[in-house]
Amino acid sequence: MYKKVELKDGFVGMEKEVAKIWKEKDVIKKNFNMNKGKRYFTFYDGPPTANGKPHVGHIETRVMKDIIPRYKVMKGYQVIRKAGWDTHGLPVELEIEKKLGISGKEQIEEYGVEKFVKECKNSVFTYVSMWEDMTNKVGFWVDMENPYVTYHNDYIESVWWALKQMWEKGLLYEGHKVMPYCPRCGTALSSHEVAQGYKDVKDLTCIAKFKIVGEDKYILAWTTTPWTLPSNLALCLNKSYEYAEVKANIGTDDEPIYETYILAKDLLETVLKETPYELLKTYKGEELLGTKYEQLMPFAKVTGKAFEVIHGDFVNLEDGTGIVHIAPAYGEDDSLVSKQNGITFINLVDKSGKFVKEVEPWAGKFVRDCSEDICKWLENENKLFSKEKHIHSYPHCWRCDTPLLYYPKESWFVAMSKLRNELVANNNKVNWYPDTIRTGRFGKFLENVIDWGISRDRYWGTPLPIWTCEDENCNHQECIGSIEELKEKGIDVPEDIELHKPYIDNVYLKCPKCGKKMKRAREVIDCWFDSGSMPFAQWHYPFENKEMFDNNFPAGFISEAVDQTRGWFYTLTAIGTALFGRSPFENCIVLGHVLDEKGQKMSKSKGNGVDPMTLLETVGADATRWHFYTCGAPWLPTRLGLKSVQETRKRFFKHIMECLFILCFICRNRSI
Amino acid sequence: MDKWIISKLNTLVKEVDEKLENYDITFAAKKIEDFTDELSNWYVRRNRERFWSQELNDEKIGAYCTLYKVLTTLIKVSAPFVPFMVEEIYQNLVVGLDSQAPESVHLCLWPEVDEEAIDKNLESEMDLAYKIVKLGRSARNLSNIKNRQPLSKMLVSINTLPEYYADIVKEELNVKEMEFGAEMSDYVNFEIKPNLPVLGKEYGKFIPKIKQEIEKMNQMDLANKVKNGGTEYIEIDDMQIGLNSDNLLVMMQGKEEFSFSGEGEIGVVLDTHITPELKEEGYVREILSKVQNMRKDNGFEVLDNINLYVSGNNILEEIIKKNEKLIKHDTLTINIIYNQNRSTYTDTNINGEMLKIDVEVVRQ
């Protein structure tokens, strides 16, 4: 007898019954195993982190990820869909720091790295049952019984293999670039991480007066980071611009005080504003090159070439004075132009972002908190022309929200800039939905790709498998690409070695060149390298499952939210290009964000978020799915609330219910 | 009708397949949604007599078989979208009946397309008929005239529709006559105004001149052009201004005793003038409907004969007497008894006239 399906309870009861049927008949596994021996269709699941709770955006991704594999199964493909968990990285460490009530690397060392790493490992599945429950309820069929887990030894081994491939291709190098650095986390950030954290901030900016040696004239230079002024070593102008020397009255009409300034001619009005002045003469920037000036702030003892006017192409006339103050340690342009001109190097900031003791007035203070004081100091010394608050976009740590500093860090890089053309070409073969991502947001990013800083001076991550000979005259380096190789080259490697810190740090190699001990680089790697390695690491390739990998690379389909153009979409493309010469996916649906019913961003503070489980348990999975499929293209923002999903349900399911009502009578009359 | 829905079904299977193949989920879902609307609001509605007929004849079996085929295919096409509900339906409709069928809808393959069953001509004609009906319904809504009140005439802008479909349209909309190729401007008032918040912002002081220009133009042509997304250019003081649906407000309203509704190229006008004959017919239809409802409410069997008691309205009494034969036939009434004193009357509103009605079963 036909059971009548009730609309009233939002199908939730019905959905639970159906889930029971699937379980009883083992339907999900049978679906995974359908079409065995037929053509493969592969889906890659971008791994979420299970140490945080799922939010409603995750429902959207799961709903979109689910539909294509289901369809492909019906079309006769064998569809591989392995679930994955992203487990390494700073977010996990931050949670544990919070839980233990400690902060920063010093306190972690004090607490004990082994204990700390164990805590991290135990925490990564904190909310896994919530994730599994949500995944089941929404009907996302993905193999959660055999997921790939990025912290497993097998997974790490595959990542090591990838790094070794890059090492052998000469793509892995140790650099000393000035890098965006989070003083709170104590780690350098990669460019795609930096790109995730730009925010408008109001900073104190100032124009300082740099006195020319032996003359009563000042060069004016603008900076948005007054804390870099104690480390000033050069002034940079553009030799093709015209510069002016002016006599300005900075007193009053009755009691004039005259000073002579040098700055770009085109910027006279914007810089001097109301200050009355008289133009003395103008000259090409070229004529000023090599001019010596006095050290602005007397804290650092500087030896070597410094305090000179130099040229840089990057200097423009958009803002400032047409003359840029250079502190080689804290900016990419600064570092480069200093190297080109043989300017020496000083660093007056420690790794936690505080002034070192030489900077007496502010030693031990966080540099960004010193802007006011520095301006006051300059004012007292008559070295300040003007100061004002200025709103500009400044990068923040995407995790802990601390303003980043540019800081000279020793760091390991993948030379992605060498592969720029290949990246662009490979990406052009991918079908993006919408296509504008290919040429726009993602394509532009690839065209300007810079080297990927992959090392992280942290604890919970895939260790960088590079060992350096401790003998300073030898300095030989080895990159290890497998556990077997580690055992072969290492000294007394434990049989069941766990590849994490701190265990791996106790493994020394014997230097094949000089026979002395080799020590591992202390860093771990960017966890985005982990997830970007999933096409092969999920199979422990090339150590196992070679055929499985060959049959399932590249993926036919992936889908994630639009912010992954700087994240997973990028690292997949980067690693795929470096290792296999192609993009690891063929089709990608990019998803827009989920907004509330009024089109506002959901946020904790506004309390307008929709709890994913409430949604699934009041209006049901099918209605929620249908809502995401029908209300606009996937890449546009989706407005969602309990009410709007209910309306969707009424709109669509009403019709089917009516037809079913009629068909109920079929079963009353089996003879038909 | 069966051929049409089966043709639509095969087209659906094909189109959803194509869309999903190209990762166009939104469009695929829209196709399914449109189909369910047509299935429920058109196919099932138009065939209700077949579905609910008392005897088990070929017509009834055909309708059920068609609906069964449609639903069991529809759930497969919908399976990737709404996996729970389709499984519930599949378990009920298929697993119980067919022991050979896979045990879950999610272990089924994509349905085959029967190209032979697709008849594009049939689809487009029926789609057109359905579209005219939808427009006609909205025109009725605008004029506040119930569907049970027959109307004499409807006028449509299209030039022709095969008789079969025209009959369906007339029946659905309860009109006696359908006139094709009607000039809409004869029946419709157009009011075209500048959308001030938009147009005013850009051409503030030219608005009076723009209004003059608009008035000079053929209102029907302009309205149609703008409604279909076109742009009409006018020149004012050597300045070219494009008029379109963003900066104009276009109102179309039926002239007196006409009600209009339109979409794109298709316009539908209902002649809402109700003659005394139509009014009488409207009363009869309303009485029939009320009596049928009372039969149902009282739990009578469909084949029960009844006596019908009416009282309290002279006008309606006359009309009932005039149409006694029809009323008796349609409601299985043996006797109609007028103005008897009864305590069980129900006061009913028959298009504004109050009438006391009662029904009782006649036992043989």
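Select Lys115(A) and Tyr111(A): the charged end of Lys115(A) sits over the ring of Tyr111(A), 4.5 Å from its centre. A charge counts as sitting over a ring if NZ of Lys or CZ of Arg is within 6 Å of the ring centre and within 35 degrees of the ring normal. Go next to Lys247(A), whose charged end sits over the ring of Tyr258(A), 4.7 Å from the ring centre.

This is a predicted model, in which local features need pLDDT of at least 70 and side-chain atom pairs count only at pLDDT 80 or more, while totals for chains, interfaces and linings use all residues. Residues are numbered from 1 along each chain as its sequence is written, chains are lettered from A and ligands numbered from 1 in the order in which they are written, and side-chain values use heavy atoms, leaving out hydrogens and water.

Now the aromatic pairs. The structure holds 46 of them over all chains. Rings of Phe, Tyr and Trp (its six-membered ring) pair if their centres lie within 6.5 Å; planes under 30 degrees apart count as stacked, over 60 as edge-to-face and the rest as tilted. Select Tyr151(A) and Trp460(A), a tilted pair with 5.8 Å from centre to centre and 45° between the planes. Tyr151(A) lies in the loop between strand S3 (143-149) and helix H8 (153-168), and Trp460(A) in the loop between strands S20 (455-456) and S21 (466-469), so the pair ties together parts 309 residues apart in sequence. Helices (H or I, at least four residues) and strands (E, at least two) are DSSP runs, numbered from the N terminus. Tyr151(A) is buried at 15% relative accessibility, and Trp460(A) is buried at 1%. Buried means under 20% relative accessible area, exposed over 50%, partly exposed in between (1.4 Å probe, protein chains only).

For a cluster linked by ring pairs, select Trp161(A), Phe536(A), Tyr541(A), Phe549(A), Phe553(A) and Phe580(A).

The bond from Tyr541(A) to Pro542(A) is cis, with omega near 0°; Pro542(A) is in the loop between helix H19 (534-537) and helix H20 (546-551). Phe553(A) and Pro554(A) are also joined by a cis peptide bond, with omega about 0°, and Pro554(A) lies in the loop between H20 and strand S26 (558-561).

Last, backbone angles. Asp26(A), not a glycine, has a positive phi near 55° and is partly exposed at 38% relative accessibility. In chain B, select Asn144(B), where phi is positive at about 60°; Asn144(B) is exposed, with a relative accessible area of 72%.
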